[in-house]
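Here are my notes for your first read-through of this structure. Keep the model open beside you and take the points one at a time.

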Amino acid sequence: MRIDAYIGNPIILTQQDYYELEELLHEIEPDCHSVQLRQERLIIENMSRRTFHYPRNPTIQ
């Protein structure tokens, strides 16, 4: 799994946040291919090539 954290994303502020998110994603979606954390949206791509775009201001909860 690849996590691309763009500058200014509201979820990952420290390296510990990155590891916690990675563990959570493995539990929720083990086939996840990549995650992009942008300022205004969260994009999750799984192995079947479906891509999900989530709304502004995503949170880890």
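1. Tyrosine 19 is partly exposed, because its relative accessibility is 40%. The scale is simple: buried is under 20% relative accessible area, exposed is over 50%, and partly exposed lies in between (1.4 Å probe, protein chains only). Tyrosine 18 is partly exposed too, at 21%.

2. What arrangement do the rings of tyrosine 18 and tyrosine 19 have? The whole structure holds one aromatic pair. In that pair, the ring centres of tyrosine 18 and tyrosine 19 are 5.8 Å apart and the planes meet at 80°, so the arrangement is edge-to-face. Rings of Phe, Tyr and Trp (its six-membered ring) pair when their centres lie within 6.5 Å; planes under 30 degrees apart are stacked, over 60 edge-to-face, and the rest tilted.

3. A word on the source: this is a predicted model, in which local features need pLDDT of at least 70 and side-chain atom pairs count only at pLDDT 80 or more, while totals for chains, interfaces and linings use all residues. Residues are numbered from 1 along each chain as its sequence is written, and side-chain values use heavy atoms, with hydrogens and water left out.

4. Now the overall layout. Of the chain's 61 residues, 28% count as buried.

5. Follow β2 into β3 next. A hairpin of four linking residues joins β2 to β3, and the two strands pair in the antiparallel sense over five bridges; pairing requires at least two DSSP bridges between the strands. Within this region, glutamine 36 stands opposite isoleucine 43 in β3.

6. Is β3 enclosed or open? Five of its five residues are buried, so β3 is largely enclosed by the rest of the structure. Leu42, Ile44 and Asn46 are buried on one side, and Ile43 and Glu45 are buried on the other. Glutamate 45, in strand β3 (residues 42-46), counts as buried because its relative accessibility is 19%. Its C-alpha is 5.5 Å from that of histidine 33, twelve residues away in sequence.

7. The largest nonpolar core has ten residues: Ile3, Ile11, Ile12, Leu21, Leu25, Cys32, Val35, Leu37, Leu42 and Ile44. Such a core is a set of buried Ala, Val, Leu, Ile, Met, Phe, Trp, Tyr and Cys residues joined through side-chain atoms within 4.5 Å. Two or more residues come from each of α1 (15-28), β2 (32-37) and β3, and β2 gives the largest share, three residues.

8. Last, look at the charged side chains. The one salt bridge in the structure joins arginine 2 and aspartate 4, at 3.1 Å from N to O; the term means a side-chain nitrogen of Lys or Arg within 4 Å of a carboxyl oxygen of Asp or Glu. Arginine 2 is partly exposed at 41%, as is aspartate 4 at 22%. Elsewhere, arginine 38 lies over the face of tyrosine 6, 5.0 Å from the ring centre; this requires NZ of Lys or CZ of Arg within 6 Å of the centre and within 35 degrees of the ring normal.
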